[in-house]
Amino acid sequence: MSRFTIPRDIFYGKGSLAELAGFRGFSRAFIVTDAMMEKLGFAARLEGILRSAGMEVMTFSDVENDPSIETVMEGARRMTGFGPDLIAAIGGGSCIDAAKGMWALYEHPGLTLEDMRTRGVPPLRHKARLAAIPSTSGTGSEVTAFTVISDHKAKVKYPIADFEITPDIAVLDEEITLTMPPSLVAYTGMDALCHAIEAYVALNRSSFTNPLAIHAITVIFGYLKDSYDGALSARGEIHVVQCLAGMAFTNAGLGITHSLAHKIGGALGLPHGLCNAILMPYVIKYNARERAAMRHYANIARRIGLDGTREMNLVNSLVAGVEDLGRYMQIPKCLQDTGISQFKFDMHKEYIASQAFEDGCTATNPRRTSPEDLLAILECAFHGRPVIL
Ligand SMILES: NC(=O)c1ccc[n+]([C@@H]2O[C@H](COP(=O)([O-])OP(=O)(O)OC[C@H]3O[C@@H](n4cnc5c(N)ncnc54)[C@H](O)[C@@H]3O)[C@@H](O)[C@H]2O)c1
Ligand SMILES: [Zn+2]
């Protein structure tokens, strides 16, 4: 059976956060956010809006980048004490992911993240609904069935995937993204591009996901540089299509760019979007050896206006286009250029490759792979060498 699942309601456009003032049927709202959202005043704005809708409000603002198991457990504990019927996450992917984990533990006391990772998430929505308000333009977490929780001691990131944790409501208010510094626009924008490209070539691609992915790709190529440069209208465009990319990948699956990015992020501490931005050209070259993937990449290249008669030339032009975007936004071309030492890389590389092979995203990659191939791609991406595999 194939399935396409997204939130029931998506509010979008400038000022759409205020739509929540019209929410009825909820009495207690638990806000999940971080220190930056508090500092920028967005958390207080959300509190005011929910209070104006007649709700009692409690705020948890201790989410860190790449939320930890401990943070999720602490949030769930406070949630249990407060008893909300609405959970409202405002922030980047980290806040939304943390809220998803807390929500599941709140609904099912005794459940562990390990249970969710290995056996899936039991039915939710007996106690609360989840509204997600992204402040970055990349993860798509406001519409996805994924949450990524980190074990910082073991230096591992665990993606959990289950349609149960798809939020009920997403609010895409571009005003909340205007405070993003350029590097965050770059990393999260490249994450969104990677979601769309990986979804478009993934094994579970479908007639539902392909149009979302291809539209997101064309708009990102058209507007991401302007968004990086601070153009307000471009920021709005990217905020919408990163959500479309989220809808595409949550239903089509991803690929080994994400498998490797999850494990590099955990082991080497690099931001998720930066890992994807660096890895994407190497993975496209590797995957393009598979006939069907080559055809899909070539189609992407045509759709963004690149010329070429031979499919391999179109794939090379697509790779050059991705590299050009990265260069414009000052993203390093290889992992070494992020400042990771050869020693640190050598210490972790085999573990990263073997763990990436086990990552859930590997299953939908269009080319069958192996831990050895992943290690070879990783080596190329570290040194900036071409992938010939
Ligand atoms: N659930 C999913 O489907 C999914 C998909 C991709 C990535 N992820 C996960 O999401 C996390 C990354 O999320 P992210 O890239 O959105 O970054 P993030 O949430 O980790 O935020 C990064 C930093 O940017 C700050 N920030 C956020 N919005 C801001 C704004 N508007 N202005 C100024 N500063 C702002 C945050 O406070 C934080 O310090 C990773 O853990 C990644 O693994 C999840
Ligand atoms: Zn991602």
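**Values against rules**

Modeller: Arg 367 lies over the face of Tyr 286, with 3.9 Å to the ring centre. The model is predicted, so local features are reported only at pLDDT of at least 70 and side-chain atom pairs only at 80 or more, while totals for chains, interfaces and linings take in all residues. Side-chain values use heavy atoms without hydrogens or water, residues are numbered from 1 along each chain as written, and chains are lettered from A and ligands numbered from 1 in written order.

Colleague: What makes Arg 367 count as lying over the face of Tyr 286?

Modeller: A charge sits over a ring if NZ of Lys or CZ of Arg is within 6 Å of the ring centre and within 35 degrees of the ring normal. The 3.9 Å of Arg 367 is within the distance limit. Lys 127 is another such case, its charged end sitting over the ring of Tyr 106 at 5.0 Å from the centre.

Colleague: How many aromatic pairs does the structure hold, and why is Phe 11 with Phe 23 called tilted?

Modeller: There are seven aromatic pairs. In the Phe 11 and Phe 23 pair, the ring centres are 5.9 Å apart and the planes stand at 55°, so the label is tilted. Rings of Phe, Tyr and Trp (its six-membered ring) pair if their centres lie within 6.5 Å; planes under 30 degrees apart are stacked, over 60 edge-to-face, and the rest tilted. Phe 11 belongs to strand 1 (residues 9-12) and Phe 23 to the loop between strand 1 and strand 2 (28-32), so the pair ties together parts twelve residues apart in sequence. Helices (H or I, at least four residues) and strands (E, at least two) are DSSP runs numbered from the N terminus.

Colleague: Are Phe 11 and Phe 23 buried or exposed?

Modeller: Buried means under 20% relative accessible area, exposed over 50%, and partly exposed in between, with a 1.4 Å probe and protein chains only. Phe 11 has 23% and is therefore partly exposed, whereas Phe 23 has 10% and is buried.

Colleague: Why is the pair of Phe 345 and Phe 382 called stacked?

Modeller: Their ring centres are 4.0 Å apart and their planes are at 10°, so the pair is stacked. It links distant parts of the chain, with Phe 345 in helix 13 (residues 342-358) and Phe 382 in helix 14 (residues 371-383), 37 residues apart. Both Phe 345 and Phe 382 are buried. Elsewhere, ring pairs join Phe 11, Phe 23 and Phe 26 into a cluster.

Colleague: What are the protein donors of the zinc ion (ligand 2), and why is its site called irregular?

Modeller: The donors are Asp 191 (OD), His 195 (NE2), His 258 (NE2) and His 272 (NE2), at 2.1 to 2.2 Å. Donors are N, O and S atoms within 2.8 Å of the metal (3.2 Å for Na, K and Ca), and sites may look incomplete because water is not among the atoms. The angles among the four donor atoms run from 87 to 166°. Four donors are tetrahedral if all angles lie between 85 and 135 degrees; four are square planar and six octahedral if opposite donors are over 155 degrees apart and all others between 65 and 115; anything else is irregular.

Colleague: Where do Asp 191 and His 195 lie?

Modeller: Both are in helix 6 (residues 182-201), four residues apart, about one turn of the helix. Asp 191 is buried at 2% relative accessibility, and His 195 is buried at 2% as well. Along the chain the donors follow the spacing D-x3-H-x62-H-x13-H.
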